[in-house]
Amino acid sequence: MSGCARAFDLLTAAALGLWLGAAAAPAVAEAPGDPSGDPSGNPSGAPGRVVSINLCTDQLAMLLAAPGQLVSVSHLALDPRSSAMAAEAAAYPVNHGQAEEVFLLAPDLVLAGTFTPRATLAMLDRLGIPVVTLAPAGSLADVREGMIAVGRALGRGAEGAAMARRFDADLAALHDDPPRRPRAALYYANGYTLGGGTLSGEILAAAGFDNIAAEAGLTGGGVLPLERLVLADPDFIVMGESYPGASRAEELLTHPALRTLMDTRAGGVFADRDWLCGTPHVLRAVAALREARRALETAP
Amino acid sequence: MNHWLIPGLVALVAALFAASLLIGPAAIGVGESLAALIRGEGEAVVLVMREIRLPRALLGVMVGASLGLAGAALQGFLRNPLAEPGLIGTSASAALGAVLALQTGFAAGFALALPAAALTGAVISVVLILLLAGPRGSSLVLILAGIAISALAGALISLVLNLSPNPFAANEIVFWMMGSLTDRSMDHVRAAAPFMLAGAAALWLTRRGLDAMTLGEDAAASMGIALTRLRLLLVIGTAALVGAATAVAGAIGFVGLVVPHILRPWVGAQPSRLLPASALGGAAMLLAADIAVRLIAPERDLKLGVLTAIVGAPLFLHLIWKTRRAGL
C-alpha cells in the first residue's frame, strides 16, 4: 500500500514539473497532441499510443488494439468482479481516469465513456488530447455498434467489423424457441431491476425468458419493491454477486422474505462482469442463462 | 392532569400501526391483508404481510417509542428542553458505532453485535455531553457540544463509508444521517428489542429521581436521590434506546424534541408522567412519518429524518428564540 501511495506522490510531483515545463516552453506541450493536425501522428492514420479510462472501452480496446498500441487501461479493468478481462488487464499499466496522469502517458487517443466526469473530458480537450467517447450499451445492437466504433477509432476497422460479424453469428447460434418462456426477474442491490431497453433486459430475453419488470410496467431500470417481487411470483430470479464490505443496499438480498421465496423458486447468482459492458462476453451471460432455463424445463 | 391522555395515545398508536400494515407498494385488499397476517392464508401475501410489513410497523413503534422516551428523560435530567438524542450527537455517535461494526465485520460476529456497537458509540457521546454540559451547564454549551460531537461523528461515518470496498456503501451516508425503515426485517426487530427493553427499564427506574430533579440537584440530593445512580441509569438507558434504534433505522432526529414538547403541558410538566406519554407519542409520530414517506413518494425510499426535521426544526428554532428571550 505504501509503495502505491509513494508512486502516486511521484506521479503528482512529476505532473507538476511537467506542467511548469510546458508553461515555460510551449514546444513540450506539442508532443501529446497537436489539435490542428491529424491526431494519429503516424502515416497509417492509426493512433500509436492509446489510453482507455473506462471499464468498457478498456475491454474492447484490449480485444481490438494492435500489439503495443494500447498503453494503459483503467484500474477498474483489474477488478475481477466487474471486469471480464481482469487477467488480460494485468499486463497493462493502469490509470485512475484523472486528466493529469493521462496527460503524462502522452497518448494520441483517449477512449472514455459518455459518463466519464465532464471536468476530465474538458481538461483533456484543453490539453489538446483527442478523446473518443463510447455510450454504455443499452441493447445487443449497441454491442455490435460499439465494436465497430472502437475498431474504427483505433484504426482497426476491419478487426472491429469482423468481431461484430462473429458476435452476430454466435448470438444467432444461441437462439432457440422454448416451448414455454419462464418468467424471470433481475434483482440487484436496493431492489433495482432492469426491464426492456437495457442490455441486461435483452440478455434475459435472448436467453428465452420473459421479464417480470415488463409486467410491472417498467422499461429501463428502476426499483421493484420487495413486496411487489414476492407477489409477482417469478419462476426464476437472477441476482448479482455481492461485493466485500457491508452495505444496506445488499442486505436486501438476504431479506427473510426473499430467502423464503428463493427456497421454492429457481434462481442463481450471475457475475456482474459478463453483464456490465457491451463486449463479446455478454454471450457468456446469454449462454449461462440459457443453460439455467433448459435445466428449468427438464426439472420435474 | 388528564386521565384520557394515555388511553388516547394508545388508541392513536394502534390506529397508525394498523394503517402502517395496510399501506405498501403492492395493492392488497384490507380483508386479504388481515387474513394473511392473522390466519396465514395465501402464500405470497403471507410473506408480504408477516416478513415485510409487520417488521416495518413493529420497528416504527419501537424506534419511535425509544426516541420519545430518551428525549423526555434527557430533558428531565438536564432540565433543558433543547436536549434531544439527535441534537446532542447521540444518534450520530450510535450510527458511527454501527457503521464501524458493519464495515469491520464485527457486526457479523454474533447476533447482537450491531446494536451493542451502536450502544457503545451512544454511551461515549452521552458521557461526553454530561461532562461538557452537565446538569448545570447552559443551553449554549449543550448545543455547542452537541454540534461538535455530531459533526465529528458525521465526518467519520462519511470517511468509513467512502473507504469501504463496497461500491454501494458510500451512497448510504444519507441513510445513516436521516434514517429509514424500508425493507427492514424480523431479524432487525429481534436484534433491537432486547436493548430497547433494557433501556426502557433503566429509564423507568429514573422517574422518581427526575421528578425530584425539577427542584434542583441539591434539593433532589437532600430528598435522598442517589445522583450517581441516577446519572448511570440515565446514560445506560438513553444509550441503549438510541443505540438500538439507530443500529436498525439510522439516525432519526427531532422525535425526542417535538414529542415531549407537545405533551409536557398535558402531564403538568411532571417527568415521571411525561416518560410513558412521550414513548407513546414518539411511536405515533414515527409511524405517521413512515406512513407519509410511503404515501408521498412510494418508490423513492424518502428518508424518515427528512419529515421529522421538517416538523422538528421550526420548533427547535422557536425553542431557541424562547430560551434567548428568557435571557439564558
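**Notebook: domains, interface and a helix pair**

Entry 1. I began with the two domains of chain A and found their C-alpha centres, those of domain 1 and domain 2, to lie 28 Å apart. The model I am reading is a predicted one. I noted the domain bounds of chain A as 47–169 for domain 1 and 183–298 for domain 2. I then looked up the contact, to which domain 1 of chain A brings 18 residues and domain 2 of chain A brings 17 residues.

Entry 2. I asked which elements of chain A give two or more residues to the side of domain 1 that touches domain 2. I recorded helix H3 (55–64), helix H7 (140–153) and helix H8 (157–173) of chain A. Of the elements on that side of domain 1, H3(A) gives the most, with five residues. By class, I listed the residues on the side of domain 1 of chain A that touches domain 2 of chain A as 10 nonpolar, six polar and two charged.

Entry 3. I turned to chain A as a whole. Chain A has 300 residues, and 42% of them count as buried. For contacts in chain A with a separation of 6 or more, I noted that 62% are between residues 24 or more positions apart.

Entry 4. I next examined where the chains meet, and found 24 residues of chain B in contact with 23 residues of chain A. On the side of chain B that touches chain A, the elements giving two or more residues are helix H3 (43–78), helix H4 (90–104) and helix H8 (186–205) of chain B. H3(B) gives the most to this side, with five residues. I sorted the residues of the side of chain B that touches chain A into 14 nonpolar, five polar and five charged.

Entry 5. Last, I looked at a helix pair within chain B. Helix H12 (residues 255–263) and helix H14 (residues 304–325) of chain B pack with their axes 9 Å apart, at an angle of about 60°. H12(B) is therefore oblique to H14(B). I recorded the crossing of H12(B) and H14(B) as left-handed.

Entry 6. I asked which residues of H12(B) and H14(B) meet. From H12(B) I listed B:Val255, B:Leu257, B:Val258 and B:His261. Their counterparts in H14(B) are B:Thr308, B:Val311, B:Gly312, B:Leu315 and B:Phe316. By class, I counted six nonpolar and three polar residues in the contact of H12(B) with H14(B), and no charged ones.

Terms used: Residues are numbered from 1 along each chain as its sequence is written. Chains are lettered from A and ligands numbered from 1 in the order in which they are written. This is a predicted model: local features need pLDDT of at least 70, side-chain atom pairs count only at pLDDT 80 or more; totals for chains, interfaces and linings use all residues. Two residues are in contact if their C-beta atoms, placed from the backbone, lie within 7 Å. Helices (H or I, at least four residues) and strands (E, at least two) are DSSP runs, numbered from the N terminus. Ala, Val, Leu, Ile, Met, Phe, Trp, Tyr, Cys and Pro count as nonpolar, Asp, Glu, Lys and Arg as charged, and the others, Gly among them, as polar. A residue is buried if 20 or more other C-beta atoms lie within 10 Å of its own, exposed if 12 or fewer, and partly exposed in between; C-beta atoms are placed from the backbone. Axes are lines fitted to C-alpha atoms, for helices over the stretch in contact, and angles run from 0 to 180 degrees between N-to-C directions. Angles under 35 degrees count as roughly parallel, over 145 as roughly antiparallel, 65 to 115 as roughly perpendicular and the rest as oblique. A crossing is left-handed if the near helix is turned anticlockwise from the far one by less than a right angle, and right-handed if clockwise. Domain bounds come from an automatic or database domain assignment.
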